[in-house]
Amino acid sequence: MTNPVLSREEELYWLALKLVPGLGTRTSGKLLDRFRSPQAVSAPAAPNWRRRAPAERWRVHRSGCTFEDAAAQHQKMAEAGAELVTIGDPRYPQLLRDIFDPPIVLFARGRVDLLGSIAVAVVGTRRPTPYGLAVAERLAADLAHAGLAVVSGLARGIDSASHKGALAAGGDTVAVLGCGVDVVYPSETASCTPKSPPGD
């Protein structure tokens, strides 16, 4: 599978579109379906384009979101060692692409290839019993031995136990972080966070 390499300018266009206030994922997706790229969404097509443009496209232009905003986000992404995966990228998970309102971009860190792997989601309470923790770790280890990646939110409790169990068995895990890839929360899950491959 060939991964498209985006230039910094192309990434800034994607980030700028994502940062438009009030422009949800569904509307962003419709604009991309119609105009094919964030560059085309952002660029005026003709002198009288405002009269013919959809209201959503006009919102992009009058939002006040600038390339400076996108550049600041791009810098944070680079500092966190994150990678931008757009909805058109072959690494973007197909099942996520098929939902009603898929996000137009994902921020990934570590082994991005795992986004397309066969995986099992494990979620549970943040206040488990010792028995619950042991079962979560054992179940995750067994899933890892079977060749499945374990996906969870890296939250305290069952989530982090499942990551630890899979990693202890030499398996793969994917953490979906609600707080962003630049923040490890809670701090005790730092040992479960993905490491970038050598050379990255």
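Q: Among contacts in the protein between residues at least 6 apart in sequence, what percentage join residues at least 24 apart?
A: The model shown is a predicted one. Of those contacts, 63% link residues at least 24 apart.

Q: How many helices and strands does the protein have?
A: There are 9 helices and 5 strands. Along the sequence they follow the pattern α-α-α-α-α-α-β-α-β-β-α-β-α-β.

Q: At what angle do the axes of helix 1 and helix 6 cross?
A: Angles of 65 to 115 degrees count as roughly perpendicular. The axes of helix 1 (residues 8-18) and helix 6 (residues 67-79) cross at roughly 110° and come within 9 Å; the two helices are therefore roughly perpendicular to each other. Residues of helix 1 in this contact include Leu12, Tyr13 and Leu15, while Phe67, Ala70 and Met77 are among those of helix 6. By class, the contact has 8 nonpolar, 2 polar and 3 charged residues.

Q: What is the order of the strands in the open sheet?
A: In general, sheet strands pair through backbone hydrogen bonds, in a parallel or an antiparallel manner. Here the open sheet has 3 strands in the order 3-4-5, with parallel pairing. Strand 3 (119-121) and strand 5 (173-175) are at the edges with a single partner strand each, so one side of each has no neighbour in the sheet. From one strand to the next, the twist averages 25°.

Q: Which residue in strand 4 is the bridge partner of Ala121?
A: The partner is Val151. Strand 3 and strand 4 (residues 149-152) are joined by 3 bridges. Helix 9 (residues 158-168) packs on the sheet and touches strand 4 and strand 5.

Note on methods: Residues are numbered from 1 along each chain as its sequence is written. This is a predicted model: local features need pLDDT of at least 70, side-chain atom pairs count only at pLDDT 80 or more; totals for chains, interfaces and linings use all residues. Side-chain values use heavy atoms; hydrogens and water are left out. Helices (H or I, at least four residues) and strands (E, at least two) are DSSP runs, numbered from the N terminus. Contact means heavy atoms within 4.5 Å. Axes are lines fitted to C-alpha atoms, for helices over the stretch in contact, and angles run from 0 to 180 degrees between N-to-C directions. Angles under 35 degrees count as roughly parallel, over 145 as roughly antiparallel, 65 to 115 as roughly perpendicular and the rest as oblique. Ala, Val, Leu, Ile, Met, Phe, Trp, Tyr, Cys and Pro count as nonpolar, Asp, Glu, Lys and Arg as charged, and the others, Gly among them, as polar. Two strands pair if DSSP finds at least two bridges between them.
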